[in-house]
Amino acid sequence: MDRPWWALVAAALAATQNPPLALVVPIVAAAALAWRPSLSRDARLVAALPFAFALAALHPAYYLVRLGRLTNLSGNVGWHWPMPREFSTVLFDPNLGLAPAFPALALVAAAALVVLLLRHPAKLWAPDVLVACGAFVVFSWSLTQVANVNHGGTPGMSRYGIWFVPLAIPLLAALERASPRSPRWIAPIAIASACWCAVVYRPALPEAGATPTRLAMWLWTRHPALTTPLPEVFTERLLGAEDDWLPISTPGCEKILIVGRGPRLGLWPVWCAPAEPPAACVDVGRLCYANRRADGGYDFVVWRSAGGEVFRLRRELVWQPRALPHVRSLVERLGATGLSPTEVGTPGAAVAAAGGIARAFLLQSRGIALLYVDGIDASSRVTFPPNRRVTGFVVDPEDGHALQTFDVGAGDSTPLRLPSSPSPVLVVLTDR
């Protein structure tokens, strides 16, 4: 407000690091001239304007001369019309968002905005506040075009979220001008936040961009319907690496991301209790989130985006369309409610070991267990815990026919030999 010529230079310097920041330069100039038209005759501003634009042009000019393109960041941009969820990711996503990572700033900025709107709305028309609002729009739009959204510094929030932090300064300055006593209640929050940040963001901590935050995992597992993260964030955080294979789910199948490949191919993961996705999720390339309800069923959310996400289907890890009705009928007949994925060999698992098998996924509830087995060879065997009797049968999930029955007594360590089958089989276990 006092020295807009230096504000122009500062914005232009920032633009040399990332081109979208160059749009702040004309916003600063327009706000300054609208606030004080006499600045158009001020030699300092007149000299600063061309210098700032030239400085902002350094980034594209350098790369044009050296590499023949305007920026080296073009490969990290996917131009599209963004969805509201994309705008909110950098600010509110439980993994990447600024508000969950810096709650004190979010609290104080929101309180300041409410106070100004209700008591001093005229203060919001100050030029520094208008520049911050314009920069907020520029940042929000440009960050939705970034192709690599999921990334993390220490301890894992979006690096672009840092861009929004200084935009709160004009808002807090306007609050102080309107209410000089406001620092009295802001100061304790700032001191507590500084102490918290010194611990949570200390440089010794490793980056955590490949794992969900505690908040994100709590929401995904306890209240899965409350959040619909970007598919890139959901997959990479759960897998711990950049990967475009689906389906994927939280460990207990509370939240699942599936991709449609037409009615001939399945899409539901074999490690989760079978469910019937709606027809809208079957379309080729269509992404859907499945959020488990309290009654064990699922609500489906179709992901609609023009962002160009392309995910591949792991065909060997989904229930095939022919098998799904038979498996669901079997589950209902057995009364196997509350089936949850369990790792073979862990304490409490109904299966102690599965050898000579390419893939084995165990679903179990009280007294009932289903073992999905694929890649069976001549040495395939299944071993049960020695402290209980287990009975059951082996079924072909694609036609529902039983292939063999078994009865293993407590203390019997003889492994169950599975029938040779080129396709997956389902081992159904019951306790007596």
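A residue is called buried when its relative accessible area is under 20%, exposed when that area is over 50%, and partly exposed in between. This report applies those terms to a predicted model of a protein chain.

**Overall form**

The protein chain contains 13 helices and 15 strands. The C-alpha trace spans about 95 × 55 × 40 Å along its principal axes. Its radius of gyration is 29 Å, whereas a compact globule of 432 residues would have a value near 22 Å. Among contacts with a separation of 6 or more, 65% are made by residues 24 or more positions apart.

**Surface and charge**

Of the 432 residues, 43% count as buried. The accessible surface of the protein chain amounts to about 22,000 Å², and carbon and sulfur atoms account for 61% of that surface. The chain carries 37 positive and 29 negative side chains, with 8 Å between the centres of the two sets.

**Helix α8**

Helix α8 covers residues 127-144, which makes 18 residues. From its first C-alpha to its last it reaches 26 Å, close to the 26 Å expected at 1.5 Å a residue. Of these 18 residues, 13 are buried, so α8 is largely enclosed by the rest of the structure.

**Two loop residues**

E207 and G297 each have a place in a loop: E207 lies between α10 (183-200) and α11 (214-222), and G297 lies between β5 (287-292) and β6 (298-303). Is E207 buried or exposed? Its relative accessible area is 60%, and the cut-off for an exposed residue is over 50%, so E207 is exposed. For G297 the relative accessible area is 19%; the limit for a buried residue is under 20%, and G297 is therefore buried.

Which residues does G297 touch, not counting residues up to four places away in sequence? On that count, G297 touches N291 and R292.

How values were computed. Residues are numbered from 1 along each chain as its sequence is written. This is a predicted model: local features need pLDDT of at least 70, side-chain atom pairs count only at pLDDT 80 or more; totals for chains, interfaces and linings use all residues. Side-chain values use heavy atoms; hydrogens and water are left out. Helices (H or I, at least four residues) and strands (E, at least two) are DSSP runs, numbered from the N terminus. The radius of gyration is taken over C-alpha atoms; the globule rule is 2.2 Å times the number of residues to the power 0.38. Buried means under 20% relative accessible area, exposed over 50%, partly exposed in between (1.4 Å probe, protein chains only). Contact means heavy atoms within 4.5 Å. Accessible areas come from the Shrake-Rupley method with a 1.4 Å probe; for residues, only the protein chains shown count as cover. Lys and Arg count as positive and Asp and Glu as negative; His and the chain ends are not counted. The place of a charge is taken as NZ of Lys, CZ of Arg, CG of Asp or CD of Glu. The expected span of a helix is 1.5 Å times one less than its number of residues.
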